[in-house]
Amino acid sequence: MISATQTDDTPTSTQATFTASELLTVVSCRLLQGKRRVFAGIGLPTLAVALAQKSSSPDIEQVYESGVCGAHPPRLPETIADASLATGAEAILTMPVLFGYVLQGGWIDVGFLGAAQIDRFGSLNTSVIGPWEEPIVRLPGSGGAVEVMSNSHEVFVVLRRHNRTSFVNELDFCTSPSLRAARLAAPKVPTRGLGVSTVITDLGVLTADDTGELCLSSVHEGVTVEQVQAATGWPLKLMDQITVTKAPTAEELRLLREDIDPTRVYLR
Amino acid sequence: MTSKEATLHDAIAEFVVDGDVVALEGFTHLIPFAAGHEIIRQHKRELTLVRMTPDIIADQLVGAGCVSKLIFAFMGNSSVGSLYAVRRAIEAGSGSPIEIEEYSHYGLLARYQAGASGIPFMPIRSYAGSALADINPNIKKIPSPFDDESEIYVVPPLNPDVAIIHAQRADRSGNIQSWGILGPQQEVAFAARKTIAIVEEIVDDDVIRSDPNRTIVPGFVVDAVVESKYGAHPSFAQGYYDRDNDFYRSWSAISRDPEALKQWIQEWIHDTEEHAGYLEKLGKGYFEPLTPLPHMSTPVNYGSVR
């Protein structure tokens with residue numbers, strides 16, 4: 001067994017219990033430190049940004065696909081186009097401005113995406129399981145994911161379940177290509193940013209190396225490196241130093257549970 | 001200007017023809033549900049439905065057999081479920097009763113923009129390496145006419161036969177005012193050959209003219225304007241009523257079972273007389289808990305002659 005480096009200061013045995021959603025939110029929030037403008041949908045990314053605003057990154061801004069910027073919702077939004085996002089927002093942009101000027105103009109530092117499948121360089125499938133023409137399961141499709149991938153300076157992917165169904169050697173359908181896949185397919189088409197830099201899962205965190213390959217950089221408490229490798233559908237490379245995720249602090253959990261999502265809309 | 005006011009029945013009967021390419025737009029906000037229901041009520045057939053984000057209304061139209069082709073970018077019932085009627089159709093593969101044409105959000109929006117602008121294509125910074133370009137011949141890569149070094153993906157114009165949008169208010173000439181999340185309504189209205197606008201209320205000209213910057217679509221683009229209060233239910237109209245999230249949550253159970261879906265369409269659409277009948281069936285007081293508290297904008301000063 002490859003032993004993980006324990007970087008956590010606090011003894012693990014005395015920590016408060018927390019759910020997988022809370023852990024993923026807190027880990028995502030910490031990774032947002034130093035980032036300025038985040039493009040994120042509803043769900044865990046929204047919670048992560050809200051937590052960052054209340055803790056480590058008070059100046060961080062969230063842009064929604066519905067065109068809302070600087071939202072100050074009186075209640076947690078249920079969709080990216082919730083009425084509460086619009087009321088009291090700093091700006092609501094039209095769609096050509098949002099996609100054309102904000103995304104394509106390069107204003108987004110971090111784009112958050114989810115996916116049904118991810119490959120070793122961070123290409124994402126949100127379209128279909130099985131062949132496109134004869135689908136086994138039809139998924140929602142791109143939405144704005146292709147644009148977020150092409151235009152953000154880096155992309156964080158949150159996947160609640162790290163397993164071989166999601167972490168595949170070959171995607172059934174490449175909806176949103178990694179930077180590497182984009183350059184290989186169309187080298188003369190302009191690209192921006194790093195593509196997927198970080199993947200946050202229920203087992204740990206993968207980080208892209210210099211070539212864009214996703215490598216294991218940290219594991220959550222109680223998770224072994226071998227366990228993550230076994231749950232990954234390609235030979236998962238390891239970063240030189242693999243840390244153990246620092247558990248959510250009592251204050252982080254309090255903010256999430258009492259201030260941000262008291263009715264547990266997303267903290268399922 | 002002449003009045004373009006029409007009833008929902010007449011607007012759909014006159015402007016939506018079997019076989020048409022019909023765009024129903026609204027990005028979660030202001031989805032023209034009442035118009036979609038009226039299309040079902042009038043048994044329109046062989047429609048190509050264009051919608052950036054097919055949601056429950058697409059599930060209902062497909063479930064009712066109105067649709068032969070779906071042009072889209074994201075299909076789903078936000079975070080609470082799936083569109084089972086649409087999925088049943090598509091997952092039938094080669095036996096599917098509907099054809100699909102798939103884009104990303106900006107790809108389809110750019111098609112509306114090209115269509116509205118009368119230009120042969122619109123370039124966007126997407127699709128390099130995406131399999132969407134493999135399965136959709138409308139996504140093409142071209143060289144830059146200005147240098148030898150770069151290429152870009154383009155999409156062609158889309159000019160629907162009819163665009164149907166919902167908004168908060170309009171005058172009788174069809175000057176449409178909307179606020180909150182705006183979606184692709186302006187782009188699709190300009191791109192379409194005919195535009196039907198359904199509004200929460202038709203107001204006097206003075207109201208519209210008190211705030212001309214609020215007009216997203218000028219009357220000359222609109223062919224029919226229909227007053228239909230709560231016509232976006234179960235979606236929402238900013239300042240008028242909130243999203244009926246309970247209905248969205250309940251949809252999966254209906255849509256998953258073809259018999260339940262058929263029954264729902266019969267009961268809530270065919271057995272109700274126009275949108276008024278649907279509202280009557282929802283019952284008095286239904287919208288009370290969905291009505292938001294007022295949050296008024298500060299009026300701006302446009303100035304006037306001395």
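Me: How many bridges join strand E3 of chain B to E4(B), and do they run parallel or antiparallel?
Reply: Four bridges join E3(B), residues 67-72, to E4(B), and the two strands run parallel. Please keep in mind that this is a predicted model.

Me: Which residue stands opposite Glu102(B)?
Reply: Glu102(B) in E4(B) has Phe72(B) opposite.

Me: And what unit do E3(B), H4(B) and E4(B) make?
Reply: Together they make a β-α-β unit, and it is right-handed.

Me: Now the domains. How is chain B divided?
Reply: Domain 1 of chain B covers 8-111 + 158-290, and domain 2 covers 120-155. Their C-alpha centres lie 30 Å apart.

Me: How many residues does each domain give to the contact?
Reply: Domain 1 of chain B gives eight residues and domain 2 of chain B gives eight residues.

Me: Which elements of domain 1 give two or more residues to the side that touches domain 2?
Reply: In chain B these are strand E4 (99-102) and H5. The largest share of that side comes from H5(B), with four residues.

Me: What is the make-up of that side by class?
Reply: The side of domain 1 of chain B that touches domain 2 of chain B has three nonpolar, two polar and three charged residues.

Me: Turning to the two chains, how many residues does the contact take from each?
Reply: The contact takes 50 residues from chain B and 48 residues from chain A. On the side of chain B that touches chain A, the elements giving two or more residues are helices H4 (84-90), H5 (105-117), H6 (132-135) and H7 (185-191), together with strand E7 (151-155).

Me: Which of them gives the most?
Reply: H5(B) gives the most to that side, with four residues. By class, the side of chain B that touches chain A has 20 nonpolar, 20 polar and ten charged residues.

Me: One more topic: is helix H2 of chain B mostly covered or mostly uncovered?
Reply: H2(B), residues 33-41, is mostly covered, with nine of its nine residues buried. Among them are Phe33(B), His37(B), Glu38(B) and Arg41(B).

Me: And what follows H2(B)?
Reply: His43(B) follows H2(B), and the phi of His43(B) is positive, near 55 degrees.

Terms used:
Residues are numbered from 1 along each chain as its sequence is written. Chains are lettered from A and ligands numbered from 1 in the order in which they are written. This is a predicted model: local features need pLDDT of at least 70, side-chain atom pairs count only at pLDDT 80 or more; totals for chains, interfaces and linings use all residues. A residue is buried if 20 or more other C-beta atoms lie within 10 Å of its own, exposed if 12 or fewer, and partly exposed in between; C-beta atoms are placed from the backbone. Two residues are in contact if their C-beta atoms, placed from the backbone, lie within 7 Å. Ala, Val, Leu, Ile, Met, Phe, Trp, Tyr, Cys and Pro count as nonpolar, Asp, Glu, Lys and Arg as charged, and the others, Gly among them, as polar. Domain bounds come from an automatic or database domain assignment. Two strands pair if DSSP finds at least two bridges between them. A crossover is right-handed if, with the strands pointing away from the viewer, the path from the first strand over the helix to the second runs clockwise.
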